[in-house]
Amino acid sequence: MSSMLATIHDSFATACDAQAAPDVRLDAAERLIGEGLFEEMQPIVESLRAVPDLKARVARALAACRQFQRWGLHRQLETYRGEAGASVETKSVMIARRPQSARCIVVFIGAANQFWISAYMLSRILPQDCNVIFLKDPFRFSYLMGLDAFGYGHGAMTAGLSQLIAQLGATQVYVVGTSSGGFAALHFGLTTGARAVLACSPATTLVDFAAYYRPVASEAPENAALYDSRLPDVLDVKPLLAGLASPPPVTLVFGGAHATDAAMSRRLAGMPGVRLHAIEGFDRHDVLPHLLASGEMKTLLSELMQS
């Protein structure tokens with residue numbers, strides 16, 4: 001299986017499998033460390049110290065674990081387990097509770113094995129006087145299959161997340177999405193009445209994506225039916241926007257020189273509420289590090305909260 005399609009559950013099983021090749025176990029552990037499961041993976045990585053060819057990688061992985069421990073973000077966030085009772089703790093929903101606030105920021109983080117770095121860097125510039133919910137997609141499938149903390153399926157995710165926001169006492173919701181979390185942020189924000197949405201390098205349609213990965217109905221009709229039942233009814237942001245009488249402000253940030261990302265965002269140009277923020281000359285998909293380093297992300301978040 002491609003490492004980009006391996007779920008967190010797959011990686012966890014591989015890392016814990018003592019019969020697997022050491023380098024394969026370390027590959028999986030490195031992915032999970034980046035996803036914020038560094039406390040769980042540290043003993044496994046330490047058990048690989050004696051493998052000669054892996055010493056340098058093991059040292060780097062352990063250094064990352066120690067650095068993430070020093071950051072202390074894991075002590076500031078609460079892991080939300082919901083009622084679904086996931087068999088593997090993926091930490092797919094993590095909360096910074098601010099009980100006196102009626103505001104909530106929901107952050108859909110993309111699947112690039114850098115969840116913890118993204119969450120930490122964003123936590124440093126997000127407002128400290130509102131609730132924050134950090135989400136990660138354990139299935140690495142653009143959040144289309146939902147989140148295990150809320151139950152399987154996009155509908156279960158939307159309902160569970162809305163219920164969690166209500167439990168926090170939040171009535172003003174702002175949504176942020178990065179990379180493969182961009183579509184989920186747009187979809188959730190537009191269908192649940194968010195005040196504003198900020199999406200970085202988002203897909204604005206997943207029609208082709210969902211069709212590409214759909215099981216062949218003629219060979220596995222049960223799997224195809226299950227797959228279809230877990231998807232959102234609408235896989236294109238454009239008709240969602242067009243159907244709203246008063247859409248919230250939507251800001252789309254993308255590399256102006258990245259052809260695919262630019263096309264995805266520009267197809268919404270001119271629609272009510274949509275603002276395009278192109279980073280001219282930038283040809284990479286992952287715009288978040290650039291936005292953080294330049295200070296633009298802080299400005300964009302400030303604008304989001306003022307909407």
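Is serine 180 buried, partly exposed or exposed? Serine 180 is partly exposed, because its relative accessible area is 21%, where buried means under 20%, exposed over 50% and partly exposed in between (1.4 Å probe, protein chains only). The model is predicted: local features need pLDDT of at least 70, side-chain atom pairs count only at pLDDT 80 or more, and totals for chains, interfaces and linings use all residues. Residues are numbered from 1 along each chain as its sequence is written, and side-chain values use heavy atoms, with hydrogens and water left out.

**Serine 180 and its surroundings**

- Serine 180 sits in the loop between strand S7 (172-178) and helix H8 (182-191); helices (H or I, at least four residues) and strands (E, at least two) are DSSP runs, numbered from the N terminus.
- With neighbours within four places in sequence left aside, serine 180 is in contact with Gly110, Ala111, Ser142 and Tyr143, contact meaning heavy atoms within 4.5 Å.
- A polar atom of the serine 180 side chain lies 3.0 Å from the backbone nitrogen of alanine 111.
- Serine 180 and aspartate 286 are 106 residues apart in sequence, and their C-alpha atoms are 10 Å apart in space.

**The largest pocket**

- The largest pocket has a volume of about 480 Å³.
- Its lining comprises 27 residues, of which Gly110, Ala111, Ala112, Ser179 and Ser180 are the closest to the centre of the pocket.
- Helix H6 (115-123), helix H9 (207-213) and helix H13 (288-294) are the elements that give two or more residues to this lining.
- H6 provides the largest share of the lining, 4 residues.
- By residue class, the lining divides into 16 nonpolar, 9 polar and 2 charged residues; Ala, Val, Leu, Ile, Met, Phe, Trp, Tyr, Cys and Pro count as nonpolar, Asp, Glu, Lys and Arg as charged, and the others, Gly among them, as polar.
- On a 1 Å grid over the protein atoms alone, a pocket is an open set of points where a 1.4 Å probe fits, with protein on both sides within 12 Å along at least five of seven lines, and lining residues have an atom within 4 Å of a point.
- Grid points are joined across faces, edges and corners, and the volume is the space filled by probe spheres set on the points.

**Helix H2**

- The 13 residues of helix H2 (residues 22-34) should span 18 Å at 1.5 Å a residue, and the end C-alpha atoms are 18 Å apart, which agrees; the expected span is 1.5 Å times one less than the number of residues.
- Buried residues of H2 are Arg25, Leu26, Ala28, Ala29, Arg31, Leu32, Ile33 and Gly34.
- The buried residues of H2 pack against helix H1 (8-16), helix H3 (38-46), helix H4 (55-71) and H6.
- Glycine 36, which follows H2, has a positive phi, near 100°.
- Aspartate 17 is in the loop between H1 and H2 and is partly exposed, with a relative accessible area of 33%.

- Most residues other than glycine have a negative phi.
- Tyrosine 143 has a positive phi, near 65°, and lies in the loop between strand S4 (131-135) and strand S5 (146-147).
- At 0% relative accessibility, tyrosine 143 counts as buried.
- Serine 201, although not a glycine, has a positive phi of about 50°; serine 201 is in the loop between strand S8 (196-200) and H9.
- Serine 201 is buried, with a relative accessible area of 3%.

**Further residues**

- Arginine 103 is in strand S3 (residues 103-108), and a polar contact of 2.8 Å joins its side chain to that of aspartate 129; a polar contact is a pair of N or O atoms within 3.5 Å, where within protein one must be able to donate a hydrogen and the other to accept it, and residues adjacent in sequence count only if both atoms are side-chain atoms.
- Residues up to four places away in sequence not counted, arginine 103 touches Pro127, Asp129, Cys130, Asn131, Ala170, Gln172, Tyr174 and Met305.
- Threonine 158, in helix H7 (residues 154-167), counts as buried at 17% relative accessibility.
- Serine 302 lies in helix H14 (residues 296-305) and is partly exposed, with a relative accessible area of 35%.
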